[in-house]
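This report describes a ligand site and several individual residues. The sequence and the structure are shown first.

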Amino acid sequence: MKVIGFNGSPREKGNTEFLVETALEQLRKQGFETELVRLGDKNIDQCSGCYSCVEKKECSINDDFAELFQKMIEADGIILGSPVYHASIPPKLKALLDRAGFLGRWVVNEMKSEDSTYQWKGTAFSGKVVAPITVARRAGQTFAFAQLLLWATVNDTIVVGSNYWNVGVAGTGGKVDADQDTEGIGIITHMADNMGYVLKKLKN
Ligand SMILES: Cc1cc2nc3c(=O)[nH]c(=O)nc-3n(C[C@H](O)[C@H](O)[C@H](O)COP(=O)(O)O)c2cc1C
């Protein structure tokens, strides 16, 4: 079974990546295959709202999205790691989640124009195990964390928590110091244990 972890920060090897990698390392210890994906390296434009994915079942924008969507589809578990930017997730992660969530809905459903009530058959992410992680210097965690939770819970996924919200506190003055956040490391390690537990139960 495979778990992918997104570092949604533009910064390589920053605080978000440290905590995502902490979770992936814990999952590797339990025998999971893992992959870290850095959004900073990727070209992902925002959703254009063209709705062509409703019919074509693919995104009309030609950038790195298709590769990332495929990775998400193939993974059993997805960790969404994000820094907090003005109490929000940053734009590239939002662009990925908008496009993945919208396309992921239409690859398994049809638009019913004559009826305002949908009977959803699920999404491309149905049954996947998702864990959000946010990292902030001080405040705004809950809004960004909620954005990730709302994406996970509208997309028919199984969300994993921990013994506290899956958040880290780090980054004063741009420091990369999430390794000093021992409480955060404990929370994220426990979250990874929960994710491993759920994935193994689902497989059996
Ligand atoms: C543009 C920008 C906006 C930020 N907004 C917030 C914020 O709203 N609240 C907060 O506590 N920290 C904020 N920070 C600090 C980062 O969330 C923090 O440094 C985090 O550890 C960065 O993670 P990274 O190293 O993975 O990029 C902001 C940083 C930047 C660059």
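Where does the ligand sit? The ligand sits in the largest pocket. A pocket is defined on a 1 Å grid over the protein atoms alone, as an open set of points where a 1.4 Å probe fits, with protein on both sides within 12 Å along at least five of seven lines. A molecule sits in a pocket if more than half of its atoms lie within 2 Å of the grid points of that pocket.

The model is predicted; local features need pLDDT of at least 70, side-chain atom pairs count only at pLDDT 80 or more, and totals for chains, interfaces and linings use all residues. Residues are numbered from 1 along each chain as its sequence is written, and side-chain values use heavy atoms, with hydrogens and water left out.

**Ligand surroundings**

The shell around the ligand holds 17 residues, of which Ser-9, Arg-11, Thr-16, Arg-138 and Ala-139 come nearest; a residue is near a molecule if one of its heavy atoms lies within 4 Å of it. By residue class, the shell divides into eight nonpolar, six polar and three charged residues. In this scheme Ala, Val, Leu, Ile, Met, Phe, Trp, Tyr, Cys and Pro count as nonpolar, Asp, Glu, Lys and Arg as charged, and the others, Gly among them, as polar. Helix H1 (15-29) and strand E4 (129-136) each supply at least two residues of this shell. Helices (H or I, at least four residues) and strands (E, at least two) are DSSP runs, numbered from the N terminus.

| Residue | Atom on the protein side | Distance to a ligand oxygen |
|---|---|---|
| Ser-9 | side-chain N or O | 2.6 Å |
| Asn-15 | backbone N or O | 2.8 Å |
| Arg-137 | polar backbone atom | 3.1 Å |

On its own the ligand has 640 Å² of accessible area, and the protein covers 77% of this. Such areas come from the Shrake-Rupley method with a 1.4 Å probe.

Asn-15 is part of helix H1. Asn-15 counts as buried because its relative accessibility is 7%; buried means under 20% relative accessible area, exposed over 50%, and partly exposed in between, with a 1.4 Å probe and protein chains only. A polar atom of the Asn-15 side chain also lies 2.9 Å from the backbone oxygen of Lys-175.

**Positive phi angles**

Most residues other than glycine have a negative phi. Lys-13 has a phi near 55° and is placed in the loop between strand E1 (2-7) and H1. With 57% relative accessibility, Lys-13 is exposed. For Lys-57, phi is positive at about 60°. Lys-57 occupies the loop between helix H2 (52-56) and helix H3 (65-74) and is partly exposed, at 26% relative accessibility.

The loop between strand E5 (158-159) and strand E6 (167-169) contains Trp-165, and Tyr-164 is found in the loop between E5 and E6. Trp-165 is exposed at 53% relative accessibility, whereas Tyr-164 is partly exposed at 44%. The C-alpha atom of Trp-165 is 9.1 Å from that of Thr-134, 31 residues apart along the chain. Tyr-164 and Gly-184 are 20 residues apart in sequence, with a C-alpha to C-alpha distance of 8.9 Å.

Asp-98 belongs to helix H4 (residues 91-106) and is partly exposed, with a relative accessible area of 34%. Between Asp-98 and Gln-46, 52 residues apart in sequence, the C-alpha to C-alpha distance is 7.8 Å.

Definitions and conventions. A polar contact is a pair of N or O atoms within 3.5 Å; within protein, one must be able to donate a hydrogen and the other to accept it, and residues adjacent in sequence count only if both atoms are side-chain atoms. On a 1 Å grid over the protein atoms alone, a cavity is a set of points where a 1.4 Å probe fits but cannot get out, and a pocket is an open set with protein on both sides within 12 Å along at least five of seven lines; lining residues have an atom within 4 Å of a point.
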